[in-house]
Amino acid sequence: MKGLIKERKDEGNINSRFSNFIRRIEIVGNKLPHPFTLFVGLTIIVLLLSYLLNKGGISVTYMAASRNGGEAPKKVTVEVMNLLSYAGMRPFVERFVKIYVAFAPIGLIMTMMIGIGMVEQTGLINAFMRKTILGAPSYMVTGVLAIVGINANLASDAGMIFTAAIGGAIFKALGRNPKVGIVTGFAAASGGFTANFMIAGTDALLAGITESAAGGMGIDAPTHALINWYFMIGATFVVTFLTVLVTEKFTVKFLGDTNNKVDKSSLEEHKVTEKENRGLRNAGITALIYIGFILILTVPEGSFFRNGDGGILPKSTLTKGIVPILFFFFVFVGIVYGKTIGVIKSEKDIPKIMEDGLRGSLSFLIVALPASMFIYFFKLSNLTIILAVNGAEFLRALNIGGMPLIIMFILLSTVINLFVTSGSAKWLILGPVFVPMFSIMGLSPALTQVAYRIGDSSTNIISPLSYYIPVIISIMNQYKTDEKETNGIGTVISLMIPYSIAYLIGFTVLLIIWYFFNISLGPGVSIFM
């Protein structure tokens, strides 16, 4: 009896300490400014630092490789440029609009959001997800829900919420605990930001930031939207397995799993209609025709998508034209589905649907204004070079290059993610520093980006500042069986921690395998420079 009392007391102390830890994170996080204000502040800091470090004579000397392979590396000395001078401010004022418009992520995210809007706003993704889950045997529902949730990243924020909602509804209809379905769907959708069979707006957005960070330093390495695609396909199987494992071995036992009769009326409510089935069939046929057309323009010798030497990798019209290829794929498939189910009645509906798809990127376009200025000044000041060279030298001195260095960066991304939930905002800050730093260490921008994504997606679901959590709480409350039952931030986070830990370990182990076997991260993309 004493042992039981002590065990409960210890458990209470652990829960109390954990609650205090979460509360501190929430307090610190709530004090952080909006990303817009954050980048304005960072820009001011860079301006002041450039002035002070320039006056202090701060510089760095390093061996720079020549762009011509036959020439030997040369010793280069770089000084901090004073941005608060005529030479620093005149170009900024003259090129203000161009700096913003030329910001690489803007074009990528707008193009992809317009294309993805065609398959999201017409209801194609919603219908496809319901058909996939409802068409699976009851004993495979957890696995299918995990796969659908992972690939729901195609619909961005809407995919995360929809997967959780449909998971709860279907689990209830099958006589299982709906909360298990909600938790499974939400966890899988979060892991899907670094695991997916398809390329989504997130991939284009992050690749655009990576391109901006690499281009400013003259790093000659692929930075297209597919630079992490092969890794993400492999990660899809890993995350699916881990999601099912944690759900069945932990969540089911923790929450309990009911064994009621199947609610056929509830299943019928979510069943794909005959019209939606016709739309999915026609969209599938269109997809196959489109893929066949791309293959015709790629496979034959001297075809359109090959490069001047007749090859495809590492660089060709195919790899460089990934964004327009994906854009037109989503547009054609979305139009066919929309026309079939009646969402698109005339050509006037098409631009309206594209407008709706673009609305989701408006918040990013606002944040991108100060972010583009911050990155512009950061590069112009030469602080990127000085930080990269000194950071690389420091890491070399610690003798922790290679995989230990990558793991440290993953953990850094994990910790920062608890305080700054916006994936693009974090990468806008970390990318310009770590992409060049890792390139000096011989690691490609694609590897740096995937390491960042692992830390980011693993802990999204346990951040107290995540705006998804209140939505998940609301969905959970729809299935309350007792008025005294309470669902709060602590409820969601406590249920998500096992998934978060499993994803972090699983992703990292997978990257270690990728690293040591030097497996390509994407089309024409290597682990090393």
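This is a predicted model: local features need pLDDT of at least 70, side-chain atom pairs count only at pLDDT 80 or more; totals for chains, interfaces and linings use all residues.
Is R453 buried or exposed in this structure? R453 is buried, because its relative accessible area is 2% and a residue counts as buried under 20%.

The chain contains 23 helices and two strands. Of its 529 residues, 50% are buried. Among the contacts with a separation of 6 or more, 80% are between residues 24 or more positions apart. The chain exposes about 24800 Å², and carbon and sulfur atoms supply 65% of that area.

The charged pairs may be taken next. The count of salt bridges comes to three. One of them joins D203 to R453, with the closest N and O atoms 2.9 Å apart. This pair links distant parts of the chain: D203 belongs to helix α10 (residues 201–216) and R453 to helix α21 (residues 445–459), 250 residues apart. D203 counts as buried because its relative accessibility is 1%, and R453 is buried with a relative accessible area of 2%.

Another salt bridge is formed by the side chains of E248 and R176, at 3.4 Å from N to O. Here too distant parts of the chain are linked, since E248 lies in helix α11 (residues 229–255) and R176 in the loop between α8 (156–173) and α9 (178–191), 72 residues apart. R176 is buried, with a relative accessible area of 15%, whereas E248 is partly exposed, with a value of 30%.

A further salt bridge connects the side chains of D356 and K352, at 3.3 Å from N to O. Both residues lie in helix α16 (residues 349–358), four residues apart, which is about one turn of the helix. D356 is partly exposed because its relative accessible area is 22%, and K352 counts as partly exposed at 40%.

The surface itself carries patches of two kinds. K275, R278, R281 and K345 gather in a patch of positive charge. R281 lies in helix α13 (residues 274–296) and is partly exposed, with a relative accessible area of 47%. A nonpolar surface patch of about 710 Å² is made by F36, V40, I44, L48, Y51, L52, L84 and I366. Helix α2 (residues 35–55) gives the most to this nonpolar patch, with six residues. L48 has its place in helix α2 and counts as partly exposed at 47% relative accessibility.

The backbone also deserves attention. Most residues other than glycine have a negative phi. N382, however, has a positive phi near 75° although N382 is not a glycine. N382 is placed in the loop between α17 (362–380) and α18 (383–398). N518 likewise is not a glycine and has a positive phi of about 50°. The place of N518 is in the segment after α23 (489–516), where N518 is partly exposed, with a relative accessible area of 42%.

F528 is also found in the segment after α23. Which residues does F528 touch, not counting residues up to four places away in sequence? They are G442, L443, S444, Y515 and N518. F528 and Y515 are 13 residues apart in sequence, and their C-alpha atoms are 8.8 Å apart in space. F528 counts as partly exposed because its relative accessibility is 31%.

Key: Residues are numbered from 1 along each chain as its sequence is written. Side-chain values use heavy atoms; hydrogens and water are left out. Patches are made of residues with over 30% relative accessible area and no salt bridge: like charges are joined within 9 Å, nonpolar side chains (Val, Leu, Ile, Met, Phe, Trp, Tyr) within 5 Å. Accessible areas come from the Shrake-Rupley method with a 1.4 Å probe; for residues, only the protein chains shown count as cover. A salt bridge is a side-chain nitrogen of Lys or Arg within 4 Å of a carboxyl oxygen of Asp or Glu. Lys and Arg count as positive and Asp and Glu as negative; His and the chain ends are not counted. The place of a charge is taken as NZ of Lys, CZ of Arg, CG of Asp or CD of Glu. Buried means under 20% relative accessible area, exposed over 50%, partly exposed in between (1.4 Å probe, protein chains only). Contact means heavy atoms within 4.5 Å.
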